[in-house]
Amino acid sequence: MNEPVLNIKDLRIHFQLPQGLLKAVDGVSLEIRRGQIMGLVGESGGGKSMVGLSILRLVPEGGRIASGEILFEGKNLLALPDHEVRSIRGSEISMILQDPLTSLNPVFRIRSQMIDVLRLHKGYGKKEAELIAIELLHNIGIPDPEKNFQKYPHQLSGGMRQRVVIAIAFSCNPKLIIADEPTTALDVTIQAQILRLLKNLSKEYQTSVLFITHDLGIVANLCDRVAVIYAGEIVETASTRDLFTSPRHPYTKALFRSIPRHDRKQEQLFSIEGMMGTPIDWPDRCKFYPRCTEKLDACKDATSLAPVARSGDHRVRCLRCQ
Ligand SMILES: Nc1ncnc2c1ncn2[C@@H]1O[C@H](COP(=O)(O)OP(=O)(O)OP(=O)(O)O)[C@@H](O)[C@H]1O
Ligand SMILES: [Mg+2]
């Protein structure tokens, strides 16, 4: 049996704000298997980044991991001493963020940044690290790697910079990569190239990926499985094929209707009624209830993530769908 590389269990992240308790992540459970690309998709403010950041214990100040476990190859990352988490960061688990300039240091050449990572985490000598770095740059499609290697981050285009970040992320052959909207800032053709690169590398190295996005179109092309998150809760999880052929949760269905399609007229473009809002002191019931067009009176009670009839790996948090 393919054991999960990452197993998040009932994760809760709270911010105590003057206005009340903000439950940014409210009982998220998620499993990612070896070599699997898992999409985490939902609207802005849904808690996607908080889930990603919590894996490496990088929740911003003011946020508290109130409960839960994050098992990475069986070890609870939330219970490890800081120095162990630091050594896992960048070697066994890497992150790719939206803006490559936050990952790259502006005052050092690409060369020294890549070599440093390889020397620190893999213990290579300088010459050996240099050869590996050049080969990596070549593999990810950086033209003339020996020359581009000598450049500073600002001397490369946005797409090239993101390629370099991906090369660094893969350079230590991590088991898991967390990619938080890595292509949002890039134009569409470059975005497609970067996604193809990420997918190929993940399959080649059997690296698991948690891919965070608000874009279902990307999920369709990239991910093996998907979890849909709304106001800090996973509302539906399924294989990409099942989610796309039979979305069940009213929120997932609404997300699909809001994707622009070439065969629909502009005025038919659907937007979900109302706003998600910020989950401060919300009652303990279905969070989508106020915006749901299919709600029942009984939906006021909290619901759990239950399997869609007969299918254990397609799960929905909705009374209507069970
Ligand atoms: N530093 C912070 N202090 C207080 N609340 C925060 C902080 N960072 C995030 N939050 C809140 O936590 C919730 C989840 O935020 P998060 O950034 O994880 O959403 P997201 O799904 O990644 O959204 P986006 O698509 O905009 O990146 C939101 O309600 C947000 O306002
Ligand atoms: Mg985010």
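Which residues lie nearest the centre of the second largest pocket? In this predicted model, local features need pLDDT of at least 70 and side-chain atom pairs count only at pLDDT 80 or more, while totals for chains, interfaces and linings use all residues. Residues are numbered from 1 along each chain as its sequence is written, chains are lettered from A and ligands numbered from 1 in the order in which they are written, and side-chain values use heavy atoms, with hydrogens and water left out.

The second largest pocket is lined by 15 residues, and those nearest its centre are Leu30, Glu31, Arg225, Thr237 and Arg315. A pocket is here an open set of points, on a 1 Å grid over the protein atoms alone, where a 1.4 Å probe fits, with protein on both sides within 12 Å along at least five of seven lines; lining residues have an atom within 4 Å of a point. Two or more lining residues come from each of β1 (4–17), β2 (20–33) and β12 (311–316), and β2 has the largest share, with four residues. Strands are DSSP runs of E with at least two residues, helices are runs of H or I with at least four, and both are numbered from the N terminus. The lining comprises four nonpolar, five polar and six charged residues. The volume of this pocket is about 320 Å³, a volume being the space filled by probe spheres set on the grid points.

The largest pocket has a volume of about 570 Å³. Its lining has 21 residues, with Gly90, Met95, Ser103, Val117 and Ile168 the closest to the centre. At least two of the lining residues are supplied by each of β6 (93–96), α4 (110–122) and α7 (158–171); α4 gives the most, six residues. Twelve lining residues are nonpolar, seven polar and two charged. Both domain 1 (4–92 + 172–321) and domain 2 (98–171) contribute at least three residues to this lining.

Ligand 1 is surrounded by 14 residues, the closest being Ser44, Gly45, Lys48, Ser49 and Met50. Oxygen atoms of ligand 1 lie 2.5 Å from a polar side-chain atom of Ser44, 2.7 Å from a polar backbone atom of Gly45 and 2.8 Å from a side-chain N or O atom of Lys48. The protein covers 68% of the 630 Å² of accessible area that ligand 1 has on its own (Shrake-Rupley method, 1.4 Å probe). In the shell around ligand 1, α1 (48–55) gives the most, with three residues, and β2 supplies at least two. The shell divides into five nonpolar, six polar and three charged residues.

Definitions and conventions: Ala, Val, Leu, Ile, Met, Phe, Trp, Tyr, Cys and Pro count as nonpolar, Asp, Glu, Lys and Arg as charged, and the others, Gly among them, as polar. Domain bounds come from an automatic or database domain assignment. A residue is near a molecule or strand if one of its heavy atoms lies within 4 Å of it. A polar contact is a pair of N or O atoms within 3.5 Å; within protein, one must be able to donate a hydrogen and the other to accept it, and residues adjacent in sequence count only if both atoms are side-chain atoms.
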